[in-house]
Amino acid sequence: MDTVKTATQFDPTADLILYDLKLMDDTRHRQHTGAPNAPILENLRVLGQAHPNLWLRVPVVPGINDDAANLQAIARFAATLPGIRQVNLLPYHRTGVQKH
């Protein structure tokens with residue numbers, strides 16, 4: 001699923017939705033991605049209520065989103081969504097670094 005789309009456009013027959021989330025704080029999210037995170041969080045909120053099998057993935061980037069406050073905020077948010085079945089911390093890799 002492309003998270004740029006709205007959450008209402010997901011395929012209801014999908015067995016599983018994988019969803020990436022990097023930062024909870026909007027200011028930090030804008031600083032590192034150039035975009036607000038409100039639509040991302042709202043999509044996740046809608047999906048987490050509507051779909052019964054969602055895996056939340058957190059790509060952990062050292063020095064960017066690996067602090068305890070961010071990871072705890074993600075965990076607290078995920079705990080409020082009944083459709084989330086897993087939260088996975090993904091290790092940072094340098095694939096795609098040369099694109100920027």
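Contact here means that heavy atoms lie within 4.5 Å. By that criterion, and not counting residues up to four places away in sequence, Leu21 touches Ile40, Leu41, Leu44, Leu56, Arg57, Val58, Pro59 and Ile74. The model is predicted, with local features needing pLDDT of at least 70 and side-chain atom pairs counting only at pLDDT 80 or more, while totals for chains, interfaces and linings use all residues. Residues are numbered from 1 along each chain as its sequence is written, and side-chain values use heavy atoms, with hydrogens and water left out.

The overall layout comes first. The protein contains three helices and three strands, where helices (H or I, at least four residues) and strands (E, at least two) are DSSP runs numbered from the N terminus. Along the sequence these elements follow the pattern β-α-α-β-α-β. Among contacts between residues at least 6 apart in sequence, 71% join residues at least 24 apart. The protein exposes about 6,400 Å², and carbon and sulfur atoms supply 56% of that area; accessible areas come from the Shrake-Rupley method with a 1.4 Å probe, and for residues only the protein chains shown count as cover. Of the 100 residues, 30% count as buried. Buried stands for under 20% relative accessible area, exposed for over 50%, and partly exposed for values in between (1.4 Å probe, protein chains only).

The strands can be taken next. Two strands are said to pair if DSSP finds at least two bridges between them. S1 (17-20) and S2 run parallel and are joined by four bridges, with Trp55 in S2 as the bridge partner of Leu18. S2 (residues 54-59) also pairs with S3, again in the parallel sense, over six bridges; here Val58 stands opposite Leu89 in S3. In a regular strand the side chains alternate between the two faces of the sheet. In S1, Ile17 and Tyr19 form the covered face, and Leu18 and Asp20 the uncovered one. S2, helix H3 (residues 68-79) and S3 make a right-handed β-α-β unit; right-handed means that, with the strands pointing away from the viewer, the path from the first strand over the helix to the second runs clockwise.

A nonpolar core is a set of buried Ala, Val, Leu, Ile, Met, Phe, Trp, Tyr and Cys residues joined through side-chain atoms within 4.5 Å. The largest one has 20 residues, of which Leu21, Leu44 and Leu56 touch the most other members. S1, H2, S2 and H3 each supply at least two residues of this core.

Not counting residues up to four places away in sequence, Asn88 touches Trp55, Leu56, Arg57 and Val58.

Asn37 occupies the loop between helix H1 (26-33) and helix H2 (38-50). With a relative accessible area of 3%, Asn37 is therefore buried. Its side chain reaches the backbone oxygen of Leu23 at 3.1 Å. Such a polar contact is a pair of N or O atoms within 3.5 Å; within protein, one must be able to donate a hydrogen and the other to accept it, and residues adjacent in sequence count only if both atoms are side-chain atoms. Beyond its neighbours within four places in sequence, Asn37 is in contact with Leu23, Met24, Asp25, Asp26 and His29.

At the start of H1, a side-chain oxygen of Asp25 comes within 3.3 Å of the backbone nitrogen of Thr27. H1 is followed by Gly34, which has a positive phi, near 80°. Finally, Gln72 belongs to helix H3 and is partly exposed, since its relative accessible area is 47%. Gln72 and Met24, 48 residues apart in sequence, are 9.6 Å apart in space, C-alpha to C-alpha.
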